[in-house]
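Here are my notes for your first look. Keep the model open as you read.

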Amino acid sequence: MMRVPCALLLAAALAAPASSQERPDLATLLVSVVDARTDAPLAYAVVSLAQVNLERFTDGRGRLTLPTLAPGRYDVLVRRLGFVPFRSQVTLTAGAPTVLDVRLSSVPQQLSRIRVTAAASCANPGPPDAIRDPDVFTLVSLLRENADRYRLLASQYPFVRIQARALGDLRDEAMFVERVDVTSFPSQTRSEYRAGEVVHRRGGLHTMGIPTILDLADDDFARSHCFFYGGATPHTTASGEETWLRLDVRADDKLNSPDVNGAFYLDSATAQLRKMDLELSRPDRLPRQLSTIATVHVSTAFVEIANGLSVIQQVCAVTRLRPSEKNADSASRALVPVELQQIVKYAFTKPPPDVPAQRTFEAPGWQPLTYLPRTAIWCEG
């Protein structure tokens, strides 16, 4: 065994940085979040300290430790999907940790009395008023909270989403698969939504950027759309029977260029976003080079990787083209390009608390130059 002189050990100890527990000049905040009605821990609640621009998830037991904070007064905000946000002030002192026990009350469920409204037009865009339309205001708030949670997950716990992709076109009652590949998307990717600027021109080419879940928390998206309650419908999922609440959105009528209309589906029990359907608005205002496009419809489904943490599971996009002049009398002959994406793996650089660094899913088994049944195009159902 190699012997190290005691003088060297003492010097190393003096040079090593002290841990937060050995720093009497620093403070620690211990947060515990539970359901006020059941006392059940609330996993992955979001704890924010405005003074230090800090946001973190609680772990799977609803707990969070924030060490190495400067002593002083902090404004604390705790949010969890389906619950009323909690706000408080705490004064942290050096040395002994400060314990904050948070009990969150669930959002009142009175949606059965909401009048379903047809999303026919959007003359007065913007978020619904909290006083005049409190229930739709609540739904929009829950939708934006879903987007904000995804933003925090993507920024604080970066990951790569790896998906199998099938490209082809719809022929009669089947999809002919022309190409199959594997694509990867970093979690921080976003399209930088701007109202009426869904179609971009770069280097002489036009690209179409359909808004993602990250864009839903953008104030510009809320200001340029109208929101309507579309009703509640039952759905069978892998975890059992759920009731989904539909929130319809429609682009501002005053936009003279394409944007998106759509529908978002929230689980009534957890407020988790389960699916979003978006379609291109004002296709008649597309650039001349894209004038053959009649409609673009993109559906995105989500899957939970932990209690209250959802990520994208699959994407289905269908682009319907206008019949060519030669075949103007037969709309059925117009091409219908289809793109399917199915998650095969998530890999976190830094996983959230109590979440595995990687998770794999069953691959769809698509093969090029083969046919898929019409049922595989799940967004057309």
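1. In which sense do β8 and strand β9 pair, and over how many bridges? β8 and β9 (residues 174-186) are antiparallel and pair over 12 bridges. Two strands pair if DSSP finds at least two bridges between them. Strands (E, at least two residues) are DSSP runs, numbered from the N terminus.

2. This is a predicted model: local features need pLDDT of at least 70, side-chain atom pairs count only at pLDDT 80 or more, and totals for chains, interfaces and linings use all residues. Residues are numbered from 1 along each chain as its sequence is written, and side-chain values use heavy atoms, with hydrogens and water left out.

3. Look at the β8-β9 hairpin. Two residues lie between the strands. Asp-172 in the turn has a positive phi of about 55°. Ala-164 stands opposite Val-182 in β9.

4. β8 also pairs with strand β18 (residues 337-348). The two run antiparallel, joined by 11 bridges. Here Ala-166 faces Leu-340 in β18.

5. In β8 (residues 159-171), 10 of the 13 residues are buried, so the strand is largely enclosed by the rest of the structure. Buried means under 20% relative accessible area, exposed over 50%, and partly exposed in between (1.4 Å probe, protein chains only).

6. Now the charged pairs. The whole structure holds 20 salt bridges. A salt bridge is a side-chain nitrogen of Lys or Arg within 4 Å of a carboxyl oxygen of Asp or Glu. One of them joins Arg-246 and Asp-248 at 2.5 Å, N to O. Arg-246 is partly exposed at 31%, whereas Asp-248 is buried at 8%.

7. Asp-252 and Lys-254 form another, at 3.3 Å. Asp-252 is buried at 13%. Lys-254 is exposed at 55%.

Terms used: Helices (H or I, at least four residues) and strands (E, at least two) are DSSP runs, numbered from the N terminus.
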